[in-house]
Amino acid sequence: MASLKIIRKRISSVKSTQKITKAMKMVSAAKLRRAQEAATAARPYAEKLTELLRSVAGRVDASTHPLLQERAETRSVHLLLVTADRGLCGGYNTNLIRRTEQFLHEHGAGRVRLTIVGRRGFDYFKKRPVTIADKHINLFGGPNAALAESLATQLAREYAEGTTDGVFLLYNAFKSPLVQTPTVEKLLPLTAEGQGDGGPADCIFEPTAAALLDRLLRRYVTALILHGFLEAVASEHGARMTAMDSATSNASDMISRLTLEMNRARQATITKELMEIIGGAEALKG
């Protein structure tokens, strides 16, 4: 059994750690509320924009716009991976990396180019035989709208120039503080809806459908990437809050076990001292 002094040191250390995890949980909970509201508010816009864009794209010739043209052969794929800069958020980053490995296996690691947002993803893949086209790490305040617009412009230009034959986005979709789902979204090329796929049958477009499509496509990729960023930020705060809550609870359990062990050690010490006193008294009588 460990000595009384060592057990007391362990209890003190665990209590200090518990204060840190409890503070991190409270910070994440405060940030989660705002991040969740932002992610929830962005969903209807992204969904409606995608629906409208596919509907408009179904009314024009796909060959008229480079972002609608399907490639006959997929030689190169660009994946935008959104991870966190920091850890201590449970399986948040691990699940994303595992899904990315699966994506690389499905499309062929040699044909996939990665743009990574977040240090955790970059730290993992920089040691692997994959092509990292770009990275954005140590972002103060997380990925924002300016970064989304910059990445959208770059990815759309690459696709239009034929550098890549497909663009995908991988991020954690926020379901609840306990559940975050790694999600892959195809950004380019856009799949147009047919006339019979439920879109508005008789619409008058002003300006023309082709002109409207060009304007919408500029916003489409940016809106989806920004939506992915907002979902990822909310998921990270939810995962960290849950992880810190579990760590705080585990610290309480550990403190209880160590306290019980300390009491037993103290009782053993008292018993030993009593035995020594009684033994000494008996020796004096003899």
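A residue counts as buried when its relative accessible area is under 20%. Threonine 248, at 12% relative accessibility, is therefore buried. The structure described here is a predicted model.

**Largest pocket**

- The largest pocket holds about 430 Å³ of space.
- Its lining is made up of 23 residues, and those nearest the centre are Leu139, Gly141, Gly142, Glu236 and His237.
- Helix H1 (4–57) and helix H5 (209–285) each give at least two residues to this lining.
- H5 provides the largest share of the lining of the largest pocket, with seven residues.
- Sorted by class, the lining of the largest pocket contains twelve nonpolar, five polar and six charged residues.

**Second largest pocket**

- The volume of the second largest pocket is about 210 Å³.
- This pocket is lined by 13 residues, with Leu67, Thr153, Ala156, Leu217 and Arg218 closest to its centre.
- Helix H4 (145–161) and H5 are the elements that contribute two or more residues to the lining of the second largest pocket.
- H4 supplies the largest share of that lining, six residues.
- Six nonpolar, three polar and four charged residues form the lining of the second largest pocket.

**Nonpolar cores**

- In soluble globular proteins, nonpolar side chains tend to be buried together.
- In this model, the largest nonpolar core has 57 residues.
- Phe125, Leu187, Leu188, Leu213, Ile225 and Phe229 have the most contacts inside this core.
- H5 gives the largest share of the core, 13 residues.
- Phenylalanine 229 is in contact with Val82, Val117, Pro143, Asn144, Leu147, Ala148 and Leu151, when residues up to four places away in sequence are not counted.

**Aromatic pairs**

- The model has two aromatic pairs.
- Phenylalanine 103 and phenylalanine 168 have ring centres 5.4 Å apart and planes at 65 degrees; planes over 60 degrees apart count as edge-to-face, so this pair is edge-to-face.
- This pair joins distant parts of the chain, as phenylalanine 103 is in helix H2 (residues 92–107) and phenylalanine 168 is in strand S4 (residues 167–174), 65 residues apart.
- Phenylalanine 103 and phenylalanine 168 are both buried.
- Tyrosine 124 and phenylalanine 125 form an edge-to-face pair, with 4.9 Å from centre to centre and 85 degrees between the planes.
- Tyrosine 124 has a relative accessible area of 23%, so tyrosine 124 is partly exposed.
- Phenylalanine 125 has 1% relative accessibility and so counts as buried.

**Threonine 248**

- Threonine 248 is located in helix H5.
- Apart from residues up to four places away in sequence, threonine 248 touches Gln18, Thr21 and Lys22.

**Tyrosine 92**

- Tyrosine 92 is part of helix H2.
- Its relative accessibility is 2%, so tyrosine 92 counts as buried.
- With neighbours within four places in sequence left aside, tyrosine 92 contacts Val82, Thr83, Ala84, Asn172, Ala232, Ser235, Glu236 and Ala239.
- Glu236, one of these contacts, is also among the lining residues nearest the centre of the largest pocket.
- From C-alpha to C-alpha, tyrosine 92 and serine 76 are 28 Å apart in space, and they are 16 residues apart in sequence.

**Valine 130**

- Valine 130 sits in the loop between helix H3 (119–125) and strand S3 (131–136).
- Its relative accessible area is 16%, so valine 130 is buried.
- Valine 130 is in contact with Leu104, Leu114 and Phe125, leaving aside its neighbours within four places in sequence.
- Phe125 is also one of the residues with the most contacts inside the largest nonpolar core.
- Valine 130 and arginine 111 are 19 residues apart in sequence, and their C-alpha atoms are 9.0 Å apart in space.

Key: Residues are numbered from 1 along each chain as its sequence is written. This is a predicted model: local features need pLDDT of at least 70, side-chain atom pairs count only at pLDDT 80 or more; totals for chains, interfaces and linings use all residues. Side-chain values use heavy atoms; hydrogens and water are left out. On a 1 Å grid over the protein atoms alone, a cavity is a set of points where a 1.4 Å probe fits but cannot get out, and a pocket is an open set with protein on both sides within 12 Å along at least five of seven lines; lining residues have an atom within 4 Å of a point. Grid points are joined across faces, edges and corners, and a volume is the space filled by probe spheres set on the points. Helices (H or I, at least four residues) and strands (E, at least two) are DSSP runs, numbered from the N terminus. Ala, Val, Leu, Ile, Met, Phe, Trp, Tyr, Cys and Pro count as nonpolar, Asp, Glu, Lys and Arg as charged, and the others, Gly among them, as polar. A nonpolar core is a set of buried Ala, Val, Leu, Ile, Met, Phe, Trp, Tyr and Cys residues joined through side-chain atoms within 4.5 Å. Buried means under 20% relative accessible area, exposed over 50%, partly exposed in between (1.4 Å probe, protein chains only). Contact means heavy atoms within 4.5 Å. Rings of Phe, Tyr and Trp (its six-membered ring) pair if their centres lie within 6.5 Å; planes under 30 degrees apart count as stacked, over 60 as edge-to-face and the rest as tilted.
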